[in-house]
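I opened this model to look up its sheet, its helix packing and a few backbone details. My notes follow in the order in which I looked.

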Amino acid sequence: MHKLTERVDVDNLWITFMNHLDFWKKTKDELKKRLPAHTFDTWLEPIEVLEIGAPGAVLQVPSQFFSEWVDTHYSKHILNTINDMGVKTKNVKFVVSGEEFKVEKEESNGVTSAPRQIRPRHLNASYTFERFIEGPNNQFAKAASQKVSDSPGSQSFNPLVIYGGVGLGKTHLLHAIGNELIETSPKTKIVIASSEKFTLDFISSIQKNNTAQFSKSYRKADVLLIDDIQFFQKKEQTQEQFFHTFNELYQLGKQIVMTADRYPGEMSGLQDRLLSRFQSGLSVDVQPPNYETRVAILMEKAEINGLDLPYDMIEFIAMHLKNNVRELESTIIRLLAHASLSQVDIDFPLVKKVLKERLGDGISADISAEDIINRVADLTNVRTDDIVGPSRRKEIAEARQISVYLCRELLGLSLSTIGMHFGGRDHTTALHACKKVKNSLKSDKRFNRIVGKVKDDFSFAIL
Ligand code: ADP
Ligand code: MG
């Protein structure tokens with residue numbers, strides 16, 4: 001047991017002799033001795049202290065996932081260590097940086113605390129424009145969001161609706177508008193809520209008989225940010241409420257920003273008058289990121305999470321995860337978790353394992369015949385058009401046969417489907433190509449090199 005100061009055993013009075021930051025630093029030093037280095041670096045090092053005292057310790061962590069992970073896996077270690085270091089603490093609570101936290105004043109007697117940030121609850125501080133990687137898929141949405149945070153309420157951008165598929169950054173942009181405004185114009189009143197929260201607040205206000213209070217809390221906004229308006233579908237009474245809130249704010253020239261999973265005009269189950277309000281401003285979409293943007297996002301997420309990931313692994317992940325930024329992010333987190341829990345280095349087999357967990361059996365579907373043809377074209381210097389075209393020139397025919405063979409091997413496509421990808425050839429031609437390549441592979445080095453290289457590149461598909 002480590003005694004840091006002569007301890008006065010009256011509650012935790014002694015902690016007033018010592019700054020809580022110093023205490024946490026010493027606790028961390030102790031945890032470092034007790035836990036594997038990788039675990040410590042990944043999960044303990046980034047934790048900052050907000051309060052430590054008899055009622056509990058409040059620790060700040062970078063993300064929700066991080067919070068859940070540490071809470072499940074390391075809160076006991078942390079609690080025991082704090083106690084061993086001499087503070088009788090009953091529990092450890094994690095808050096995500098930027099989340100407002102409330103500890104009753106009387107509970108935190110005698111305990112110093114870090115300065116608090118004044119920001120609305122539910123506004124995630126890590127969703128900033130700076131951290132939002134721009135690509136052709138989201139450029140316009142980002143520009144519109146920035147414009148709104150520069151001059152909220154300007155007519156042509158009001159309301160702003162950001163729409164698109166899951167995990168493409170809509171919520172990130174919505175919060176970024178809020179975060180930017182807090183920096184540049186701290187007096188602006190920001191109200192942020194998901195449409196679910198709006199609905200729940202409304203229902204609970206009915207139960208408690210204080211709908212007036214409900215209206216007031218939303219209508220005080222200078223900028224109202226509402227996430228996922230599709231959840232308003234079929235909730236007539238809530239829509240009614242939202243309609244009034246919307247109108248009142250809009251008429252006062254206040255800014256409204258909403259996100260949705262599809263173009264507002266295509267939403268069913270919303271009142272027409274609501275829909276026409278939503279469409280009266282600007283609607284911008286976010287699309288899945290292209291390859292280069294995925295690489296850039298992975299690099300950013302690796303850096304934020306303190307993960308040193310070699311470039312070829314980043315490319316490999318970007319090649320296989322195509323549709324969703326959230327998946328890219330959680331792959332990074334999962335790599336960290338694996339490496340940390342089983343104390344292994346991050347190498348290709350681990351990357352493949354994690355990707356396989358994420359993609360399951362949908363893997364080969366992620367690689368198309370076109371991907372293979374393009375790759376063979378690269379390696380043989382034959383144009384893709386020629387590979388799928390009619391020419392019987394030797395080098396073209398060979399590239400075509402190799403591509404056919406690989407489509408069969410890697411994608412398991414039927415011979416007639418393969419035929420269709422190659423300019424409508426029939427299945428006997430495809431079969432002939434497969435046999436020919438199999439034969440050549442027994443002796444021909446060039447065939448082996450090309451086939452080997454493509455298999456390597458798409459090795460993931462043949463795990
Ligand atoms: P959506 O609301 O569209 O479902 P989110 O905004 O929740 O998606 O994004 C999912 C995750 O991916 C978030 O952690 C977010 O930070 C991240 N993300 C999405 N797009 C980008 C981007 N362009 N750059 C950086 N991170 C992004
Ligand atoms: Mg969202």
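**Overall.** I started with contacts in the protein chain between residues at least 6 apart in sequence; 72% of them join residues at least 24 apart. The model is a predicted one, and I read it as such. I counted 20 helices and eight strands in the protein chain. Of its 463 residues, 48% are buried.

**Sheet.** I traced an open sheet of five strands. Its order is S5-S6-S7-S4-S8, and the pairing is parallel. Which strands stand at the edges? I found S5 (190-194) and S8 (282-286) there. Each has a single partner strand, so one side of each lacks a neighbour in the sheet. The twist from one strand to the next averages 15°.

I then took the pair S5 and S6 (residues 223-227). They run parallel and are joined by five bridges. Ile192 has Leu225 in S6 as its bridge partner. I also noted helix H6 (residues 195-207), which packs on the sheet and touches S5 and S6. The direction of H6 makes about 95° with that of S5.

**H6 against H8.** I stayed with H6 and looked up its contact with helix H8 (residues 236-251). The two axes come within 10 Å and cross at roughly 105°. Angles of 65 to 115 degrees count as roughly perpendicular, and H6 and H8 are therefore roughly perpendicular to each other. From H6, I listed Phe198, Thr199, Phe202 and Ile206. They meet Gln237, Thr238, Gln241, Phe242 and Thr245 in H8. By class, this contact of H6 with H8 has four nonpolar, five polar and no charged residues.

**H10 against H11.** Next I took helix H10 (residues 291-304) and helix H11 (residues 311-320). Their axes come within 9 Å and cross at roughly 130°. That angle makes H10 oblique to H11. The crossing of H10 past H11 is right-handed. On the H10 side I noted Tyr291, Arg294, Val295, Leu298 and Met299. On the H11 side they meet Tyr311, Ile314, Glu315, Ile317, Ala318 and Met319. In the contact of H10 with H11, nine residues are nonpolar, none is polar and two are charged.

**H2 and its surroundings.** I asked which residues of helix H2 (residues 37-44) are buried. They are Thr39, Phe40, Thr42, Trp43 and Leu44. The buried residues of H2 pack against helix H1 (20-34), helix H3 (64-84) and helix H12 (325-341).

**Ser67.** I picked this residue in helix H3. Is Ser67 buried or exposed? Its relative accessibility is 9%, so I count Ser67 as buried. Leaving aside neighbours within four places in sequence, Ser67 is in contact with Val61, Phe94 and Val96.

**Backbone checks.** I found that the peptide bond from Asn158 to Pro159 is cis, with omega near -5°. Pro159 lies in the loop between helix H4 (139-150) and strand S4 (160-164).

I then went to the loop between S6 and H8, where Asp228 has its place. Phi of Asp228 is near 60°, a positive value in a residue other than glycine. Lys234 also lies in the loop between S6 and H8. Lys234 is not a glycine, yet its phi is positive, about 70°. With a relative accessible area of 67%, Lys234 is exposed.

How values were computed:
Residues numbered from 1 in each chain as written. Chains lettered and ligands numbered in written order. Predicted model: local features only at pLDDT ≥ 70, side-chain atom pairs only at ≥ 80, totals over all residues. Heavy atoms only, no water. Pairing = 2+ DSSP bridges. Helix = DSSP H or I, 4+ residues; strand = E, 2+ residues; numbered from the N terminus. Axes fitted to C-alpha atoms, helices over the stretch in contact; angles between N-to-C directions. Contact = heavy atoms within 4.5 Å. Parallel < 35°, antiparallel > 145°, perpendicular 65-115°, else oblique. Left-handed = near helix turned anticlockwise from the far one by under 90°. Nonpolar A, V, L, I, M, F, W, Y, C, P; charged D, E, K, R; others polar. Buried < 20%, exposed > 50% of the residue type's maximum accessible area, 1.4 Å probe, protein only.
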